[in-house]
Amino acid sequence: YLEVREKQYDQKVYLDFFTDPMSSTPAVSGVMVYIASPDQELNKNYLGPASIKEIAKQIIQAEGPSGPNRDYLFHLEKALLQLGTKMDFCIGCEDKHVMDIASEARRILAEEHVAVAHSQL
């Protein structure tokens with residue numbers, strides 16, 4: 001399933017996952033991670049250095065085999081927030097970058113909704 005969904009990556013690697021930065025023993029070993037490089041020949045959707053607004057716009061407009069990328073963004077945001085409340089430890093569950101992009105995406109979508117509503121008057 002992931003091989004179909006995660007199409008915009010250059011490498012698939014297996015890494016050790018640490019929850020404690022002082023630990024020499026990983027919490028989980030062999031975590032599969034997809035890496036998308038900034039090489040635009042290999043990764044045609046790489047946006048490059050961009051503002052939160054530009055990132056949000058690209059996500060809103062993008063869609064893959066699993067559906068709209070905005071859905072993925074909002075589900076990721078929710079999952080990170082839930083992870084922070086359900087775990088005894090938090091590994092950066094309130095990811096400011098993800099939260100900022102999701103907030104901006106919502107703002108843009110709300111503006112688009114208002115613009116469509118006004119155009120139909």
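The following dialogue explains how to read several features of this predicted model.

Biologist: What is the mean pLDDT of the protein chain?

Modeller: The term pLDDT denotes the predictor's confidence in each residue, from 0 to 100. The mean for the protein chain is 83, and 83% of its residues reach 70 or more. Helices here are DSSP runs (H or I, at least four residues), numbered from the N terminus. This is a predicted model, in which local features need pLDDT of at least 70 and side-chain atom pairs count only at pLDDT 80 or more, whereas totals for chains, interfaces and linings use all residues. Residues are numbered from 1 along each chain as its sequence is written, and side-chain values use heavy atoms, with hydrogens and water left out.

Biologist: Which residues of H2 are buried?

Modeller: Buried means under 20% relative accessible area, exposed over 50%, and partly exposed in between (1.4 Å probe, protein chains only). In H2, the buried residues are Ile55, Ala56, Ile59 and Ile60. Seen down the axis of H2, they fall within an arc of 135° and so line one face of the helix; the arc is that of the directions from the helix axis to the C-beta atoms.

Biologist: Which residues touch the most other members of the largest nonpolar core?

Modeller: In soluble globular proteins, nonpolar side chains tend to be buried together. A nonpolar core is a set of buried Ala, Val, Leu, Ile, Met, Phe, Trp, Tyr and Cys residues joined through side-chain atoms within 4.5 Å. Here the largest has 13 residues, of which Ala56, Ile59, Ile60, Leu73, Ile101 and Ala105 touch the most other members. H2, helix H3 (69-86) and H4 each supply at least two residues of this core, and the largest share, seven residues, comes from H4.

Biologist: How many salt bridges are there?

Modeller: Side chains of opposite charge can pair when their charged atoms come close. A salt bridge is a side-chain nitrogen of Lys or Arg within 4 Å of a carboxyl oxygen of Asp or Glu. By this rule there are four. One of them joins Glu77 and Arg106 at 2.3 Å, N to O. Glu77 lies in helix H3 and Arg106 in helix H4, so the pair ties together parts that are 29 residues apart in sequence. Glu77 is buried at 9% relative accessibility, whereas Arg106 is partly exposed at 39%.
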